[in-house]
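Please examine the sequence and the model below before reading on.

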Amino acid sequence: MSVHPQQKHRPLRSAFGVFSDPDAMASALGGLDRGASGPRPVKRAGTDFRGMFARAMLGEVDLGIGRFAQGQPQRAELSNAHTFMFPTEPGLARRVSGRMLSGNQIIHFRPQAETVTSSPRGMAWAFAILVVPAEVLATHAPALAGFDLARPLQNDRLFEVPEEAMARLVVLMNDVARI
């Protein structure tokens, strides 16, 4: 991942990388959730790995957008942050903790859980991830949701998003990748 020269002594605010090593890309992905140990690829014999990942930090929120030429299976332990993931290209799917994520869906991972992801054999995976610290989401969620959230969700949740809203979110994430 490349760092802008003026950011050498400050926390990494944005970075971009092209990867041929799944471990290196997993390490870059792990940088999004500073409180977790990060994802670990589950290697497949004989696969030619190619991936791209960009990330940016906007205030307390970490954003990432990436693409695997061929979906790489991964395992990850999550921190107490709220992690949201969604596809950024039509027609792609990924198995996420026993569910199929595709189309206009966003998954919210249960904080402090282990997750496992994989793609159908030979399918690419293009995705975006947002990681929001628990205290930040607790502060802002009632205003975003329009009502007070009595207690946090204890399970992964898969949300269906209106097509137009998802298109705007993907455009926003692509803009973030250019930061």
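## The surroundings of Phe49

Apart from neighbours within four places in sequence, Phe49 is in contact with Phe19, Ser20, Asp21, Pro22, Met25, Phe68 and Gln72; contact means heavy atoms within 4.5 Å. Phe49 lies in the loop between E2 and E3. Helices (H or I, at least four residues) and strands (E, at least two) are DSSP runs, numbered from the N terminus. The C-alpha atoms of Phe49 and Gly71 are separated by 8.9 Å, and these residues are 22 apart along the chain.

The model is predicted: local features need pLDDT of at least 70 and side-chain atom pairs count only at pLDDT 80 or more, while totals for chains, interfaces and linings use all residues. Residues are numbered from 1 along each chain as its sequence is written, and side-chain values use heavy atoms, with hydrogens and water left out.

## Aromatic pairs

Four aromatic pairs are found in a search of the whole structure. Rings of Phe, Tyr and Trp (its six-membered ring) pair if their centres lie within 6.5 Å; planes under 30 degrees apart count as stacked, over 60 as edge-to-face and the rest as tilted. Phe49 and Phe68 form an edge-to-face pair, 5.7 Å centre to centre with 65° between the planes. Because Phe49 lies in the loop between strand E2 (38–41) and E3, and Phe68 in strand E4, this pair ties together parts that are 19 residues apart in sequence. Phe49 is buried, at a relative accessible area of 6%, and Phe68 is buried at 2%. Buried means under 20% relative accessible area, exposed over 50%, and partly exposed in between (1.4 Å probe, protein chains only).

Phe53 and Phe127 form a stacked pair, with 6.3 Å centre to centre and 20° between the planes. This pair links distant parts of the chain, with Phe53 in strand E3 and Phe127 in strand E11, 74 residues apart. Phe53 counts as buried at 0% relative accessibility, and Phe127 is buried with a relative accessible area of 2%. Ring pairs join Phe49, Phe53, Phe68, Trp125 and Phe127 into a cluster.

## The nonpolar cores

The largest nonpolar core has 21 residues, and those with the most contacts inside it are Met25, Leu29, Phe53, Phe68, Met85, Trp125 and Phe127. A nonpolar core is a set of buried Ala, Val, Leu, Ile, Met, Phe, Trp, Tyr and Cys residues joined through side-chain atoms within 4.5 Å. At least two residues of this core come from each of helix H1 (22–30), strand E9 (105–109) and strand E11 (125–132). E11 gives the most to this core, with five residues.

A second, separate core of 19 residues includes Ala56, Ile106, Val170 and Val176.

## Helix H3

In H3, the residues Met166, Val170, Met173 and Val176 are buried. They cover an arc of only 115° around the axis, which puts them on the same side of H3; the arc is that of the directions from the helix axis to the C-beta atoms. The face of H3 turned away from its buried side carries the exposed residues Glu164 and Arg168.

The buried residues of H3 pack against strand E3 (51–58), strand E4 (61–68), strand E6 (82–87), E9 and E11.
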